[in-house]
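Open your viewer and keep the selection tool handy.

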Amino acid sequence: MAKKMSKNRTQLETFTVQAGHYIDPATGAVVPPIQPSSTFARNEDYSLRLDYSYSRAGNPALDQAEKILAELDGGADAKLFNSGMSAIAAFAETLKSGDRLVAPEVMYHGGQTWFFHLQEQRGIELVLFDQTREGALEAAVRGGDTKVLWIESPVNPTWEVIDIEYAAKVAHDAGAILVCDSTVAPPCTCKPLELGADMVFHSATKYLNGHSDLTAGVLVTKEKNEHWDGIEFARLHLGNLLPAFEAWLLIRGMRTLFVRFERASVNALAIAEHFEKHPKLEAVLYPGLKSHPGHSIAAKQMTSGFGGMMSFLVDGNEKQTQKVATSVRVFHPATSLGGVESLIEHRKVVEGPHSIVPGNLLRLSIGIEAADDLIADLEQALAQI
């Protein structure tokens with residue numbers, strides 16, 4: 001079998017804009033249709049007419065969305081779920097009691113909460129490493145018989161940068177697999193599988209969709225193997241695949257992924273540079289700043305922009321920090337990220353009492369509005385304290 005030739009960035013952008021070079025064979029439509037049927041009739045000999053029998057197992061829009069995602073990430077296959085947490089839970093179904101899972105201390109809190117649940121209820125050995133300390137990842141992985149190393153890069157919401165290529169080497173040397181949460185660094189800028197990861201996870205709710213109108217999660221694998229078979233089995237029998245309409249919305253969103261991410265990156269860098277030495281901030285956390293400790297690694301991994309995610313450390317207490325978040329007029333004080341609209345949130349409140357995120361941290365998701373309007377809004381909000 002001939003080796004699949006990977007597309008370059010320009011080819012991928014065209015492929016995505018055209019929804020996978022889609023043309024409907026029946027009508028010539030350039031937009032994939034939605035097939036809402038829950039069941040599919042069979043032929044006279046009771047064979048399947050195509051590959052569809054029941055919508056819990058798949059639908060045409062889902063297949064098209066997965067085809068685009070596998071191509072974008074350079075993977076052998078992609079599986080979509082009805083939320084990011086559903087994807088994480090399906091992956092977790094492949095872990096057994098006693099399996100060792102290593103992850104960063106700061107990461108997407110919903111995923112970490114589920115990992116803690118697995119530790120308590122299923123006997124998974126969970127080891128967290130300090131992503132700010134050199135050598136901590138390697139020490140954690142080599143400290144036992146590690147099954148999975150799960151990382152994010154950049155880390156949400158403090159935006160430290162983990163070297164994916166280095167993490168892959170450490171994991172593989174220890175006989176573990178590397179799974180990379182690349183939600184904030186989508187495949188228009190970062191390719192974890194090409195850097196050595198075995199699997200990549202995205203909350204497709206975020207940049208991939210980009211319009212804050214659906215929830216979805218996706219896992220993309222470098223190769224089909226027994227581990228991947230277990231994830232497919234879990235999705236089928238848990239019934240948590242993405243429905244047809246949401247899959248169609250995701251295709252619609254991905255068509256503008258490259259231009260949305262580029263605009264958000266330009267806006268975010270302008271905002272980060274403007275506020276980098278602001279008198280009412282302790283720090284601006286953004287990998288696109290040359291002063292950021294992980295900038296050089298981020299520049300190596302994120303080849304088409306640093307995205308729209310950043311955090312402000314307010315020079316004030318939690319009450320004052322929350323005051324900034326509620327004083328905005330252009331930003332929306334809301335959870336989530338990666339949409340066309342800009343969001344701001346007091347992250348510690350969102351994560352809850354067990355969060356180790358600083359109380360003076362504001363997480364910002366920069367959208368595609370006019371950068372000057374966003375800067376002016378943040379200036380007036382900071383002026384309230």
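What follows is a short walk through a predicted model, one selection at a time.

**Stop one: a strand residue.** Start by selecting alanine 103, which lies in strand E2 (residues 100-104). Is alanine 103 buried or exposed? Its relative accessibility is 0%, so alanine 103 counts as buried. Now show what surrounds alanine 103: setting aside residues up to four places away in sequence, it touches Phe115, Val127, Leu128, Phe129 and Trp150. For a sense of scale, draw a distance from the C-alpha of alanine 103 to that of asparagine 209; these two residues are 106 apart along the chain, and the atoms are separated by 26 Å.

**Stop two: the rings.** Keep Phe115 and Trp150 from that contact list and show their side chains. A pair of aromatic rings is described by the distance of the centres and the angle of the planes. The ring centres of phenylalanine 115 and tryptophan 150 are 5.4 Å apart and the planes meet at 80°; an angle over 60 degrees counts as edge-to-face, so that is what this pair is. Phenylalanine 115 belongs to helix H4 (residues 109-122) and tryptophan 150 to strand E4 (residues 146-152), so the pair links distant parts of the chain, 35 residues apart. Both phenylalanine 115 and tryptophan 150 are buried. The structure holds seven aromatic pairs.

**Stop three: a charge over a ring.** Select arginine 235 and phenylalanine 81 next. The charged end of arginine 235 sits over the phenylalanine 81 ring, 5.8 Å from the ring centre.

**Stop four: the cores.** Which residues touch the most other members of the largest nonpolar core? They are Leu149, Ile151, Met310 and Phe312, in a core of 93 residues. Pick methionine 310 and show its contacts beyond four places in sequence, among them Trp159, Val284, Tyr286, Leu362 and Ile366. A second, separate core has 23 residues, including Ile88, Leu118, Phe201 and Ala234.

Select the whole of helix H9 (residues 257-275): its 19 residues reach 27 Å from first C-alpha to last, close to the 27 Å expected.

Technical notes. Residues numbered from 1 in each chain as written. Predicted model: local features only at pLDDT ≥ 70, side-chain atom pairs only at ≥ 80, totals over all residues. Heavy atoms only, no water. Helix = DSSP H or I, 4+ residues; strand = E, 2+ residues; numbered from the N terminus. Expected span 1.5 Å × (residues − 1). Buried < 20%, exposed > 50% of the residue type's maximum accessible area, 1.4 Å probe, protein only. Contact = heavy atoms within 4.5 Å. Core = buried A, V, L, I, M, F, W, Y, C linked by side-chain atoms within 4.5 Å. Phe/Tyr/Trp six-rings, centres within 6.5 Å; stacked < 30°, edge-to-face > 60°. Lys NZ or Arg CZ within 6 Å of the ring centre and 35° of its normal.
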